[in-house]
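Me: I am new to this structure. Please show me how to read it.

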Amino acid sequence: MKKLFFLAIFICVAVFIGGCANQSTEHKEKIIVGINAYTPPMGFSDRNNQIIGFDVDLAKALAKHLNCDVHVRPLKAGCADDLSDKNIDILWNAINISSKEESGIIFTKPYMRDRQIVFVRAASPIENIEQLAGKPVGVRSGSLAQADIEKNSHLQRCFGSVIVYADTNEEFAALCEGKIAAVIDSEMIGRYYIKQHKGEIKALDITIGKPVALKLALRKEDTVLRDKVQAALDEMSQDGTLAQISQKWFGNDVTLY
């Protein structure tokens, strides 16, 4: 009888412990985050075809602060349709959402700002827009720089031609090879390229279009999730997580918090 009694107790304890373990590992919320995977250093593929980058590191840190599983879904150019179709729960770095689409979207506070500026070869004598008159310039396909130039007839008349490249590497390679006189693209993306290719490229303090605020977009009905995400971002600012990730990719803290 004693053996049966202790055996019963052992089984009950084992079941209780197992139940507690399951409670701690099950029901973990899963959030799908859409990140542009073709714009280093924000998001891009490494040699092992793994998506890495500044935004990716932020998303992983967010998962820890929310105690949830975050799945990064690579996007070519994220838009509101990815949210409304429920392909993703959060659109990171939401700068391609039009004013018409904003009615079904809610945002976090901006976590950083960016602007489209001019990049030239390090030895170039070019210092202003006027000196680019009649010369070919390069932009990245789908970039804000491309959109800004297409809306600006003065710039279109000024430049000799505007050549659209598939990605950042192509446009800056063309610049280094002398095929174009300048590249117009994101300051953050361009300065990262300069960091990786010291002595080849320099940035000019010339802004094309309006500066943009980088923030996270969610579906309009997901207010609870948005508030949780915003609280986590605030915590990441206070505990130094944002600054640490920014330092890793940019060499200084470029975040707004």
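Reply: Start with handedness: a crossing is left-handed if the near helix is turned anticlockwise from the far one by less than a right angle, and right-handed if clockwise. The model is predicted: local features need pLDDT of at least 70, side-chain atom pairs count only at pLDDT 80 or more, and totals for chains, interfaces and linings use all residues. Residues are numbered from 1 along each chain as its sequence is written, and side-chain values use heavy atoms, without hydrogens and water.

Me: How is the packing of α2 and α9 described?

Reply: Two packed helices are described by the angle between their axes and the distance between the axes. Here α2 (residues 54–66) and α9 (residues 241–250) pack at about 160°, with axes 10 Å apart. Axes are lines fitted to C-alpha atoms, for helices over the stretch in contact, and angles run from 0 to 180 degrees between N-to-C directions. Helices (H or I, at least four residues) and strands (E, at least two) are DSSP runs, numbered from the N terminus. So α2 and α9 are roughly antiparallel (over 145 degrees). Their crossing is right-handed.

Me: Which residues of α2 make the contact?

Reply: F54, D57, L58, A61 and H65 do, against residues of α9 including W249. Contact means heavy atoms within 4.5 Å.

Me: What is the strand order in the open sheet?

Reply: Strands of a sheet pair through backbone hydrogen bonds, either parallel or antiparallel. This open sheet of five strands runs β4-β1-β5-β12-β6, with mixed pairing. Two strands pair if DSSP finds at least two bridges between them. The edge strands, β4 (69–75) and β6 (105–107), each pair on one side only.

Technical notes
Angles under 35 degrees count as roughly parallel, over 145 as roughly antiparallel, 65 to 115 as roughly perpendicular and the rest as oblique.
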